[in-house]
Amino acid sequence: MRELVRGDEGELVRRRLRVLTASALFPVLVHAKAVVVDASSGYLGSANLSQRGLDENFEIGLALSAVQANTIAKFAELFEARKYIEDVTTQMLGIPPRLGL
């Protein structure tokens, strides 16, 4: 993920990226990963979001339609409001968190 936010090309990603993880209130392992792009498209699956995770490991994932991506974004907003998940963008990538999805 660090490569995505480097240099001038990474500016757009830096301004929009949020990394969310389970909080102490929700201390269970969730293997699923979700990527929502402007609530208009997305991915939901179990693959690690790395080149190896997407190319070499046998995992499952789904492309999300705009309606599905928007629903995932709303769930994330609800979980964050209830403090089940937290933003760890700064800790992981050293960039300020973006407010809202």
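**Reading the terms**

Modeller: Gladly, and let us start with Gly-10, which counts as buried at 0% relative accessibility. Please keep in mind that this is a predicted model.

Colleague: Why is Gly-10 called buried?

Modeller: Buried means under 20% relative accessible area. Gly-10 has 0%, so the word applies. Gly-10 is found in the segment before α1 (11–16), and, leaving aside neighbours within four places in sequence, Gly-10 touches Leu-4 and Val-5.

Colleague: What makes Phe-26 partly exposed?

Modeller: The label covers values between the 20% limit for buried and the 50% limit for exposed. Phe-26 has a relative accessibility of 30%, so it counts as partly exposed. Phe-26 is found in the loop between β1 (20–22) and β2 (33–37). Together with Leu-25 and Val-28, Phe-26 forms a nonpolar patch on the surface, with about 270 Å² of accessible area for the three together.

Colleague: And how do you know that Lys-83 is exposed?

Modeller: Exposed means over 50%. Lys-83 has a relative accessible area of 55%, so it is exposed. Lys-83 is found in the loop between α3 and β5.

Colleague: How far does α3 reach from its first C-alpha to its last?

Modeller: Helix α3 (residues 66–81) has 16 residues and reaches 22 Å, close to the 22 Å expected at 1.5 Å a residue.

Colleague: Which residues of α3 are buried, and why can we say that they line one face?

Modeller: Ala-69, Ala-73 and Ala-76 are the buried residues of α3. Seen down the axis of α3, these buried residues fall within an arc of 60°, so they line one face of the helix. In general, an α-helix has 3.6 residues a turn, so residues three or four places apart point the same way. The buried residues of α3 pack against β1, β2, β3 (41–45), β4 (61–64) and β5 (85–87), while Val-67, Lys-74 and Ala-81 are exposed on the other side of α3.

Colleague: How many helices and strands does the chain have?

Modeller: Four helices and five strands, following the pattern α-β-β-β-α-β-α-β-α along the sequence. Of the 101 residues of the chain, 23% count as buried.

Technical notes: Residues numbered from 1 in each chain as written. Predicted model: local features only at pLDDT ≥ 70, side-chain atom pairs only at ≥ 80, totals over all residues. Heavy atoms only, no water. Patch = residues over 30% accessible without salt bridge, like charges linked within 9 Å, V, L, I, M, F, W, Y side chains within 5 Å. Areas by Shrake-Rupley, 256 points an atom, 1.4 Å probe, with all protein chains shown as cover. Salt bridge = Lys/Arg side-chain N within 4 Å of Asp/Glu carboxyl O. Helix = DSSP H or I, 4+ residues; strand = E, 2+ residues; numbered from the N terminus. Buried < 20%, exposed > 50% of the residue type's maximum accessible area, 1.4 Å probe, protein only. Expected span 1.5 Å × (residues − 1). Arc of directions from axis to C-beta. Contact = heavy atoms within 4.5 Å.
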